Structures are given as structure tokens and as C-alpha cells.
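Dear colleague,

Please find below the structure that I am handing over to you, followed by an account of what was found in it. I would be grateful if you could read the notes alongside the model.

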Amino acid sequence: MAEPARPDAAEQLTSKAPHVPLGRELLLNFAVIGALAMALIFLVLTLMIQSSFGKLEQAEVDKQIGRAESFLNENREGLALGSKDWGFWDETFAYVTRFEPGYEERNVNLDSFRNARIDGLVAVRADGSDARAFFFDPDSDEPNPGLAQAARTIVQSPAYRREIAAYGAAKGYALLNGRLYALAGTRVLRSDRTGPSPGDLTFV
């Protein structure tokens, strides 16, 4: 009896391989591509959000710095006006000329400083031969000789003296005992703006 014909190897493999419909294969491919695309979009969005937050934080920092600078500048300009108010005054003119104690008793006190919105005052003779400095601690409201001496050192520095001599006034900032202060000084004149000036007065 003749044996039935055996299918060749190719036919056997074809008959055993599962058949995947084309539509399902495309769906699987689309699913993989979609998952990868979603992961990439998530990564890009994460980077964009982090960048946006970084820019927002930097913008907020810049804003706060701008406010601080504005406050310091306004404070310094206020000191400049106040120093001229006291500096163009006959009583101050006489005080810087002789450094009489009566002026200090009347004007160098916490109430006067608070009214003038200052913490310290430095008066220097025009020739640099003598000076007086006073300071009330902003935390304790007590006289602070250490801060007074630190302010006097700055006002008597060569750079500050040159600015006063050149412009009749000086403005700046100083770090005293770990705290930033604005300071402004003016050449002292009589109330009618006449001289010669006996020296200068600086508010801190």
C-alpha cells in the first residue's frame, strides 16, 4: 500500500505558526508608538515646567532685590534731605565750629533722632582736626559708642572726605555690626546758606 505524501518542512512550519491578523499587528505597533510618544511628551513637559518654575523663582528673587534697592535708595535720599535740613542751620553751624555741649543736650537724644528718622550722626571739622559721633542702637534704643565709632571711621575715611570736598555732599552705604545702613552728609552752612563752612554733618 502506498504511503501518503508527507508535507515538506515549509508546509509544516506554515501550518504551526499562529496567524496574527494585520489589524491587530497594527494596533500593537500603534500602542507601542503611542506609549513612547506619551513618555517623550511627559519628559518634555516636565522639563518645560521645571524651566518655568526656575524662571518664576528668579523673577521673584529679582523683584525682591528691586524692592530692597528701592527701599535703600529712598532711605538714602531721605537722609540726604534731613542732613541738609540740620546742616543748613545756624545752631549746627555754631556747634561744628565749637562743639559746644549745649547743642548735644538739646539735639542729640533718642527723640530727636527718631523724629529725624536717623540712628546716627557724625560731625567733622573741615580741617579734620576734630569730630563727634553719636549712635542709638536700633534694637535697644540705647546709645551705642561702638557703632558711633564705626560710623565716625567711615565718615573720616579719605574716600568720604574727598567726596565731601568735591561735591559738598556725600551719599553711600555702610555695613556696621553686620547691618547695612544708608548714610548721607552735607557741608554745614548758616541758615542763609553762607559760609565759610566749619565742617560737615552726616546722618546714618
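A salt bridge is taken here as a side-chain nitrogen of Lys or Arg within 4 Å of a carboxyl oxygen of Asp or Glu. The structure holds eight of them. This is a predicted model, in which local features need pLDDT of at least 70 and side-chain atom pairs count only at pLDDT 80 or more, while totals for chains, interfaces and linings use all residues. Residues are numbered from 1 along each chain as its sequence is written, and side-chain values use heavy atoms, with hydrogens and water left out.

Overall architecture

The protein has seven helices and five strands, both taken from DSSP runs and numbered from the N terminus (helices: H or I, at least four residues; strands: E, at least two). Their order from the N terminus is α-α-α-α-α-β-β-α-α-β-β-β. Of the 204 residues, 29% count as buried; buried means under 20% relative accessible area, exposed over 50%, and partly exposed in between (1.4 Å probe, protein chains only). Among contacts (heavy atoms within 4.5 Å) between residues at least 6 apart in sequence, 56% join residues at least 24 apart.

Salt bridges

K171 forms a salt bridge with E77, with 2.9 Å between the closest N and O atoms. The pair links distant parts of the chain, K171 being in strand β3 and E77 in helix α2 (residues 22-87), 94 residues apart. The C-alpha atoms of these two residues are 8.4 Å apart. K171 counts as partly exposed because its relative accessibility is 37%, and E77 counts as partly exposed at 35%. Apart from residues up to four places away in sequence, K171 touches R76, E77, A80, E163, L183 and A184.

D141 and R114 also meet in a salt bridge through their side chains (2.7 Å, N to O). This pair links the loop between β2 and α6, where D141 lies, to R114 in helix α5, 27 residues apart.

In a further salt bridge, the closest N and O atoms of R161 and D200 are 2.3 Å apart. R161 lies in helix α7 (residues 158-167) and D200 in strand β5 (residues 199-203), so the pair ties together parts that are 39 residues apart in sequence. D200 is buried, at 2% relative accessibility.

A buried charge without a partner

D137 is in the loop between β2 (131-135) and α6 (145-155). D137 is buried yet has no salt bridge, and R179, the nearest side chain of opposite charge, is 5.5 Å away; Lys and Arg count as positive and Asp and Glu as negative, with His and the chain ends not counted. Leaving aside residues up to four places away in sequence, D137 touches R114, E142, N144 and L147.

In helix α3 (residues 90-98), the buried residues are T92, F93, A94, Y95 and V96. V108 is placed in the loop between α4 (101-107) and α5 (110-116). V108 counts as buried because its relative accessible area is 15%. Not counting residues up to four places away in sequence, V108 touches Y103, F113 and F134.

With kind regards
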